[in-house]
Amino acid sequence: MADIKYQIIKVPVIVSGESIRFSADTDKMFKKITGLFASVPDEKAIAGATLELKIADKEIFPEEWEMKMITCGQQVTPNDRFFNNVQEEAKGNRIDGRFTDGSVAGVVYPYIAKLYLRLEEKV
(Lines give C-alpha, C1' and ligand atoms only; values in the text may rest on other atoms or scores of the structure.)
Protein backbone atom coordinates (compact mmCIF):
# COMPACT_ATOMS: atom_id res chain seq x y z
CA MET A 1 0.00 0.00 0.00
CA ALA A 2 1.29 3.44 -0.93
CA ASP A 3 2.06 5.92 1.80
CA ILE A 4 -0.31 8.89 1.78
CA LYS A 5 0.10 12.36 3.23
CA TYR A 6 -2.35 15.26 3.23
CA GLN A 7 -0.74 18.68 2.91
CA ILE A 8 -2.79 21.78 3.68
CA ILE A 9 -2.29 25.20 2.11
CA LYS A 10 -4.02 27.91 4.16
CA VAL A 11 -5.22 31.12 2.52
CA PRO A 12 -6.37 33.90 4.91
CA VAL A 13 -9.30 35.92 3.56
CA ILE A 14 -9.63 39.24 5.37
CA VAL A 15 -12.36 41.13 3.47
CA SER A 16 -15.24 40.42 1.09
CA GLY A 17 -14.23 40.04 -2.56
CA GLU A 18 -10.52 39.80 -1.76
CA SER A 19 -8.20 38.12 -4.29
CA ILE A 20 -5.21 36.45 -2.62
CA ARG A 21 -2.15 35.01 -4.30
CA PHE A 22 -0.46 32.10 -2.54
CA SER A 23 2.55 29.84 -3.05
CA ALA A 24 3.81 26.70 -1.34
CA ASP A 25 6.18 23.84 -1.98
CA THR A 26 4.95 20.26 -1.95
CA ASP A 27 6.57 17.80 0.43
CA LYS A 28 9.87 16.58 -1.09
CA MET A 29 9.37 13.17 0.46
CA PHE A 30 6.38 12.26 -1.76
CA LYS A 31 6.39 11.52 -5.49
CA LYS A 32 2.86 12.39 -6.65
CA ILE A 33 -0.08 14.70 -6.08
CA THR A 34 -3.14 12.52 -6.66
CA GLY A 35 -6.00 14.66 -5.38
CA LEU A 36 -7.16 18.16 -4.47
CA PHE A 37 -9.94 19.39 -2.21
CA ALA A 38 -10.95 22.95 -1.30
CA SER A 39 -12.66 23.95 1.93
CA VAL A 40 -14.02 27.08 3.59
CA PRO A 41 -15.51 27.30 7.10
CA ASP A 42 -18.92 28.55 5.88
CA GLU A 43 -20.61 26.81 2.93
CA LYS A 44 -22.06 30.17 1.82
CA ALA A 45 -18.51 31.30 0.95
CA ILE A 46 -18.28 28.66 -1.81
CA ALA A 47 -20.74 30.57 -4.00
CA GLY A 48 -18.83 32.72 -6.44
CA ALA A 49 -15.40 31.83 -5.04
CA THR A 50 -12.74 31.00 -7.63
CA LEU A 51 -9.39 29.24 -7.56
CA GLU A 52 -6.59 29.58 -10.10
CA LEU A 53 -3.86 26.94 -9.67
CA LYS A 54 -0.52 25.93 -11.17
CA ILE A 55 1.79 23.11 -10.14
CA ALA A 56 5.41 23.45 -11.32
CA ASP A 57 4.23 26.17 -13.75
CA LYS A 58 1.68 23.78 -15.31
CA GLU A 59 -1.88 25.14 -15.31
CA ILE A 60 -4.25 22.90 -13.35
CA PHE A 61 -7.20 25.29 -12.95
CA PRO A 62 -7.46 28.38 -15.17
CA GLU A 63 -8.36 31.85 -13.97
CA GLU A 64 -11.94 32.01 -12.60
CA TRP A 65 -12.25 28.23 -12.04
CA GLU A 66 -15.22 27.93 -9.71
CA MET A 67 -14.22 26.51 -6.35
CA LYS A 68 -17.50 24.58 -6.16
CA MET A 69 -15.98 22.21 -8.76
CA ILE A 70 -13.52 20.82 -6.18
CA THR A 71 -15.53 20.92 -2.99
CA CYS A 72 -18.50 19.05 -1.50
CA GLY A 73 -20.71 18.88 1.56
CA GLN A 74 -20.37 16.83 4.73
CA GLN A 75 -22.56 14.06 3.30
CA VAL A 76 -19.63 12.82 1.15
CA THR A 77 -17.20 10.39 2.77
CA PRO A 78 -13.68 11.78 3.32
CA ASN A 79 -12.03 9.47 0.75
CA ASP A 80 -14.52 10.53 -1.94
CA ARG A 81 -14.10 14.29 -1.44
CA PHE A 82 -10.96 14.72 -3.51
CA PHE A 83 -10.83 15.91 -7.12
CA ASN A 84 -8.94 12.95 -8.56
CA ASN A 85 -8.22 14.16 -12.09
CA VAL A 86 -4.76 15.27 -10.97
CA GLN A 87 -1.62 13.21 -11.37
CA GLU A 88 1.24 15.67 -10.92
CA GLU A 89 4.74 15.27 -9.55
CA ALA A 90 5.15 16.43 -5.95
CA LYS A 91 8.85 16.13 -4.94
CA GLY A 92 9.04 19.71 -3.66
CA ASN A 93 7.36 21.26 -6.71
CA ARG A 94 5.99 24.77 -6.39
CA ILE A 95 2.25 25.40 -6.12
CA ASP A 96 1.12 28.87 -7.17
CA GLY A 97 -2.45 30.03 -7.03
CA ARG A 98 -4.98 32.74 -6.51
CA PHE A 99 -8.11 32.41 -4.41
CA THR A 100 -10.85 34.99 -4.94
CA ASP A 101 -13.65 35.33 -2.40
CA GLY A 102 -17.16 35.27 -3.85
CA SER A 103 -18.34 38.30 -1.89
CA VAL A 104 -21.53 36.62 -0.66
CA ALA A 105 -23.80 38.29 1.91
CA GLY A 106 -23.78 36.66 5.33
CA VAL A 107 -20.22 35.31 5.26
CA VAL A 108 -18.21 36.24 8.35
CA TYR A 109 -14.75 37.71 7.78
CA PRO A 110 -11.93 37.02 8.29
CA TYR A 111 -11.77 33.30 7.50
CA ILE A 112 -9.24 30.73 6.28
CA ALA A 113 -9.74 28.96 2.93
CA LYS A 114 -7.87 25.66 2.70
CA LEU A 115 -6.55 23.66 -0.21
CA TYR A 116 -5.84 20.04 0.66
CA LEU A 117 -3.33 18.08 -1.42
CA ARG A 118 -3.29 14.27 -1.34
CA LEU A 119 0.34 13.15 -1.78
CA GLU A 120 1.31 9.54 -2.43
CA GLU A 121 4.36 7.29 -2.77
CA LYS A 122 6.82 8.25 -0.10
CA VAL A 123 10.40 8.43 -1.40
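I began with β2 (residues 19–25), which is joined to strand β7 (residues 94–100) by 7 bridges, the two running antiparallel. Before going on, I noted that this is a predicted model, where local features need pLDDT of at least 70, side-chain atom pairs count only at pLDDT 80 or more, and totals for chains, interfaces and linings use all residues. Residues are numbered from 1 along each chain as its sequence is written, and side-chain values use heavy atoms, with hydrogens and water left out.

Some terms for my own use: strands (E, at least two residues) and helices (H or I, at least four) are DSSP runs numbered from the N terminus. Two strands pair if DSSP finds at least two bridges between them.

**Entry: β2**

Then I checked which way the side chains of β2 point, and they alternate.

**Entry: the open sheet**

Next I traced an open sheet of 4 strands, with the order β1-β8-β3-β6 and antiparallel pairing. Its edge strands are β1 (4–13) and β6 (88–89), each pairing on one side only. As a reminder to myself, strands of a sheet pair through backbone hydrogen bonds, either parallel or antiparallel.

I went through the neighbours one by one.

- β1 is joined to strand β8 (residues 111–122) by 10 bridges, and valine 11 has alanine 113 in β8 as its bridge partner.
- β8 and β3 pair over 8 bridges, with lysine 32 facing glutamate 120 of β8 as bridge partner.
- β3 (residues 30–39) and β6 pair over 2 bridges, and isoleucine 33 has glutamate 88 in β6 as its partner.

**Entry: valine 11**

I stopped at valine 11, which sits in strand β1. Is valine 11 buried or exposed? Valine 11 is buried, as its relative accessible area is 4%. Leaving aside neighbours within four places in sequence, I found valine 11 in contact with Ile20, Phe22, Phe99, Tyr111, Ile112 and Ala113; contact means heavy atoms within 4.5 Å. I also looked at valine 40, 29 residues away along the chain from valine 11, and the C-alpha atoms of the two are separated by 9.7 Å.

**Entry: aromatic pairs**

I searched the whole structure for aromatic pairs and got 6. The rule: rings of Phe, Tyr and Trp (its six-membered ring) pair if their centres lie within 6.5 Å, and planes under 30 degrees apart count as stacked, over 60 as edge-to-face and the rest as tilted.

The rings of phenylalanine 37 and phenylalanine 82 have centres 6.0 Å apart and planes at 50°, so I logged the pair as tilted. Phenylalanine 37 lies in strand β3 and phenylalanine 82 in the loop between β5 (58–61) and β6, so the pair ties together parts that are 45 residues apart in sequence. Both phenylalanine 37 and phenylalanine 82 are buried.

The pair of phenylalanine 61 and phenylalanine 83 is edge-to-face, 5.4 Å centre to centre with 65° between the planes. Phenylalanine 61 lies in strand β5 and phenylalanine 83 in the loop between β5 and β6, so this pair ties together parts 22 residues apart in sequence. These two are buried as well.

I also found a cluster, in which ring pairs link Tyr6, Phe37, Phe82 and Tyr116.

**Entry: cavity and pocket**

Grid points are joined across faces, edges and corners, and a volume is the space filled by probe spheres set on the points.

How many cavities of 30 Å³ or more does the structure hold? I found 1. The largest cavity has a volume of about 50 Å³, and its lining includes Val11, Phe22, Ala38 and Phe99. The largest share of that lining, 3 residues, comes from β8.

The largest pocket holds about 150 Å³ of space. Among the residues lining the pocket are Phe37, Val40, Cys72 and Arg81.

Note on methods:
Buried means under 20% relative accessible area, exposed over 50%, partly exposed in between (1.4 Å probe, protein chains only). On a 1 Å grid over the protein atoms alone, a cavity is a set of points where a 1.4 Å probe fits but cannot get out, and a pocket is an open set with protein on both sides within 12 Å along at least five of seven lines; lining residues have an atom within 4 Å of a point.
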